[in-house]
Amino acid sequence: MKFSHSIQFNAVPEWSSHYIAYSSLKKLTYKLERIVNHKSSTNDPESSPLIPNENSDVTFQRALDKELEKICHFYQFKESEIFGEVAKLLSDIETSNSKLDQANEFNSDFQGRPRTRSEASTHHWDSKSRGKSNVSTSTDEDSEDDNVDENTALRKSPSASEHNKSASSASTSRQEKYRPEIYNNVDLESQVNRVLSHTDDNNDDNWNKIIPYSTTNGALLKDRIISIYVQLYELKSFLLLNRTGFMKVLKKYDKIMGGSLKSVYMGSHVDIALPFQLESSQRLKENINKVELIYARLFTNNDSILAKRELILNVREQVVWERNTVWREMIGIERKRHATHVGFRSILGPHDELESRRLQDKDEVTESFFPEWIFNPTAYYLLGIILVFFIILLAPINLEPEQHNCLAMLITVSLLWATEVIPLFATALLIPVLCVVLRIVRSDEMPHDRLQPHDAAKYVFAAMWTPVILLLLGGLTIAAALSKHDIARRIATTVLSKAGDKPNVVLLATMFVASFASMWISNIAASMLCNSIIQPILRNLPPDSPVSRELVLGIALAANVGGMLSPISSPQNIIALQIMKPPPSWIVWFFITLPIGVICILLIWVILVMSFRPVKGTRIIPLRPIVEKFSRVQLFVSTVTLITIALWCMGHQLEWLLGDMGVIAIIPVVIFFGSGVLTKEDFNNLLWTLIILAAGGLSLGKAVDSSGLLHTIAKKITSQIEDLHVYAVLSIFSILIMLISSFISHSIAALIILPLLYKVGINLEDPHPNLLVMGGTLICTAAMGLPTSSFPNMTAVMLENPETGHRYLKAKHFITRGLPSSFVSSVIILTVGYVLMRIVGM
């Protein structure tokens with residue numbers, strides 16, 4: 001979690017305006033960076049220096065001083081207020097104890113025997129009273145907390161000019177919210193006096209009335225102590241968060257500006273300020289200890305460990321209550337920012353907002369009598385697809401029953417994937433269900449009888465879990481390790497820092513870095529990684545600079561090209577490996593794809609440079625190289641990764657020992673998770689949706705083949721093209737694949753087309769099934785002409801300029817540059833790629 005989000009998440013909501021303005025200081029850092037790098041003044045007041053000719057350190061330090069003064073002022077006020085409450089609590093307890101002594105003497109006169117204070121205390125701290133000191137008590141507030149609006153943001157306090165007033169009102173409202181009756185009802189002295197006035201000497205039970213901590217009064221006092229303890233811990237958290245904020249923002253400033261202000265400012269300003277002095281920390285700790293001792297004395301029979309545990313649990317309960325709405329809103333923000341939908345509808349606008357607005361226009365009668373899904377277009381998509389399924393299933397088609405059922409399933413699944421009315425992985429999981437229920441699969445042995453449901457289930461599930469899925473799992477694990485331990489970023493930053501300041505050179509270097517990263521951490525992660533690395537470059541360019549657009553678009557297109565460079569760089573490559581028999585080795589794959597990739601990137605670079613035409617004299621601020629050395633963990637991860645890649649490259653030579661590349665893929669999974677380099681959380685965060693999608697696609701291909709439908713379709717197609725050369729066949733299918741892949745995802749296109757290509761290739765007079773599958777796979781990846789054609793494209797089109805809030809790219813940029821890039825890449829595959837595939841014997 002970013003610290004700007006962390007400070008929101010951990011802040012006391014009513015104190016939110018009194019924390020360090022971390023985001024504002026970070027923006028000021030970027031602004032000063034632009035001023036220093038450009039070294040030129042401008043008439044625009046927004047981009048001109050705050051004080052003409054002022055040193056950036058002075059400007060930034062003045063902003064820090066303002067934040068520090070704000071924090072000190074608020075801390076002094078809260079310290080005085082909370083410590084005063086602790087002192088008042090101690091005073092009330094002492095007053096109560098003196099009343100207990102009076103009660104002892106009063107009672108001994110009537111009982112005829114002295115009663116010591118310790119006896120009174122023993123009678124007072126009976127098991128019944130202690131039994132009520134549970135950590136969590138049920139109140140009316142619990143039900144109210146459940147009704148908190150989950151879209152409520154952090155409640156902001158008034159402006160700093162009304163600091164004392166706002167802080168006081170915030171504290172009062174918060175106390176009333178958490179435990180409303182404490183300060184209105186807990187007056188220990190008056191309670192004792194009231195009880196003493198009604199004491200009956202003939203009833204020993206009246207002794208309990210003298211004890212102001214029993215029953216209701218005890219619960220109120222307990223709540224009062226807990227409230228003070230929570231405030232003390234919040235004050236402690238306030239100091240910790242703000243000190244961490246100063247350290248982080250100064251570290252970022254030094255990193256961006258190349259200075260050393262952190263050590264100087266922390267020592268000369270922050271550490272000597274009142275809130276961060278050692279004496280302040282000790283005073284806070286002493287008051288926390290006092291409250292713990294009071295609680296232990298009154299409610300846990302002087303068990304300080306139990307007292308501290310109960311108080312900490314109450315602190316956690318309060319923190320959970322306060323964070324509830326904040327956390328939900330931040331999760332929503334992150335999901336909106338990072339969740340990218342693969343369907344064509346998402347690019348048109350925020351579907352949910354349009355739907356909610358449309359529903360708001362309905363009158364109350366309409367909303368009451370008609371369910372919401374009636375006005376949702378997605379429901380009509382789904383109903384239409386289900387209708388298509390039953391029409392095909394019941395239509396009189398001249399096919400075998402299992403082939404007829406398989407055709408209905410194939411068209412239905414393709415429509416579900418293309419429209420995404422349900423998630424892609426959910427559709428993939430539907431495939432084995434339909435295969436079994438419709439009895440689509442047949443036995444592999446002659447005479448190919450239809451399998452019963454029990455045998456069909458085993459057959460389909462065996463097709464889903466194959467060595468290729470393990471290969472995908474191994475690739476995702478390596479990508480997770482390289483990303484988590486910052487290895488990919490270090491390598492990419494090191495290369496880009498040496499690219500210089502010429503836009504065209506930086507663009508070319510960025511594209512090669514994105515393409516290389518896509519080989520190992522997938523083109524999805526590679527595009528996001530490179531977009532984050534070039535943020536310092538984008539910040540120092542004008543908002544409407546063509547260099548910004550060509551960099552963002554260049555990363556997306558290069559990441560697409562990188563998706564064809566290694567067997568694990570994209571799902572369609574994994575699918576191709578499963579279909580081709582025998583599958584090509586890694587060395588063969590690299591022999592074909594690396595020359596294609598290099599030529600494609602160079603030609604796409606020429607297209608971008610000629611179309612965007614950066615302004616002459618434009619200079620890019622070079623990235624700062626990383627000076628830290630590789631840690632032991634980074635060296636370990638790099639070594640295991642290189643060894644695994646080497647074993648994959650020698651997979652065919654090691655078949656006698658390891659059997660399959662999927663077995664090799666298990667090695668990094670076991671090593672990384674077994675050694676603690678990756679954790680259980682990392683395992684849960686792997687792209688399991690992608691794994692399920694690939695597994696469902698493999699089962700679909702197996703079902704279509706087993707039913708005989710694939711053979712029937714391939715035979716009809718072959719009868720029309722049997723006189724054509726294999727190159728002509730590849731060219732014809734390339735056009736079809738390019739069209740399909742441009743509108744739906746590359747993986748889905750590969751799942752539908754590649755099995756058919758393999759079958760067509762076998763039935764040709766001069767059979768070259770592997771060549772057709774390999775060529776078709778590369779063409780799938782080369783389709784990048786629309787914003788929705790691939791994950792890198794969608795990541796690029798959603799990237800916004802943080803200053804203006806506008807996207808760097810629009811759909812027209814993909815159409816005018818992406819379509820020519822797709823065409824050029826397809827030509828390279830059909831020429832250079834075809835020659836290389838024939839050289840290796842495909």
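View 1. Glu 79 is buried, at 10% relative accessibility (buried is under 20% relative accessible area, exposed over 50%, and partly exposed in between, with a 1.4 Å probe and protein chains only). Because Glu 79 lies in helix H3 and Arg 283 in helix H13 (residues 278-299), the pair ties together parts that are 204 residues apart in sequence. Helices (H or I, at least four residues) and strands (E, at least two) are DSSP runs, numbered from the N terminus. Salt bridges with shared partners also join Lys 88, Asp 92 and Arg 224 into one network.

The model is predicted: local features need pLDDT of at least 70, side-chain atom pairs count only at pLDDT 80 or more, and totals for chains, interfaces and linings use all residues. Residues are numbered from 1 along each chain as its sequence is written, and side-chain values use heavy atoms, with hydrogens and water left out.

**View 2. Lys 70 and Glu 67 within helix H3.** Lys 70 forms a salt bridge with Glu 67, with the closest N and O atoms 2.8 Å apart. The two residues are 3 apart in helix H3 (residues 56-111), so about one helical turn separates them. Glu 67 is buried, with a relative accessible area of 11%.

**View 3. Glu 33 and Arg 539.** The side chains of Glu 33 and Arg 539 meet in a salt bridge (3.4 Å, N to O). This pair links distant parts of the chain, with Glu 33 in helix H2 (residues 22-38) and Arg 539 in helix H24 (residues 535-539), 506 residues apart. Glu 33 is buried at 6% relative accessibility, and Arg 539 is buried at 14%. The count for the model is 12 salt bridges.

**View 4. The largest nonpolar core and Trp 417.** The largest nonpolar core has 160 residues, and Met 409, Trp 417 and Trp 648 have the most contacts inside it (a nonpolar core is a set of buried Ala, Val, Leu, Ile, Met, Phe, Trp, Tyr and Cys residues joined through side-chain atoms within 4.5 Å). Helix H23 (residues 503-533) gives the most to this core, with 14 residues. The core lies between domain 2 (376-450) and domain 3 (467-840), because both give residues to it; domain bounds come from an automatic or database domain assignment. Leaving aside neighbours within four places in sequence, the residues in contact with Trp 417 include Leu 424, Ile 431, Leu 693, Gly 697 and Leu 751 (contact means heavy atoms within 4.5 Å).

**View 5. Ser 527 in helix H23.** Ser 527 is placed in helix H23. Ser 527 is buried, at 0% relative accessibility. Apart from neighbours within four places in sequence, Ser 527 is in contact with Ile 555, Ala 559, Pro 792 and Thr 795.

**View 6. Ser 719 in helix H33.** Ser 719 belongs to helix H33 (residues 709-721). Ser 719 is partly exposed, at 39% relative accessibility. A polar atom of the Ser 719 side chain lies 2.5 Å from the backbone oxygen of Lys 716.

How values were computed
A salt bridge is a side-chain nitrogen of Lys or Arg within 4 Å of a carboxyl oxygen of Asp or Glu. A polar contact is a pair of N or O atoms within 3.5 Å; within protein, one must be able to donate a hydrogen and the other to accept it, and residues adjacent in sequence count only if both atoms are side-chain atoms.
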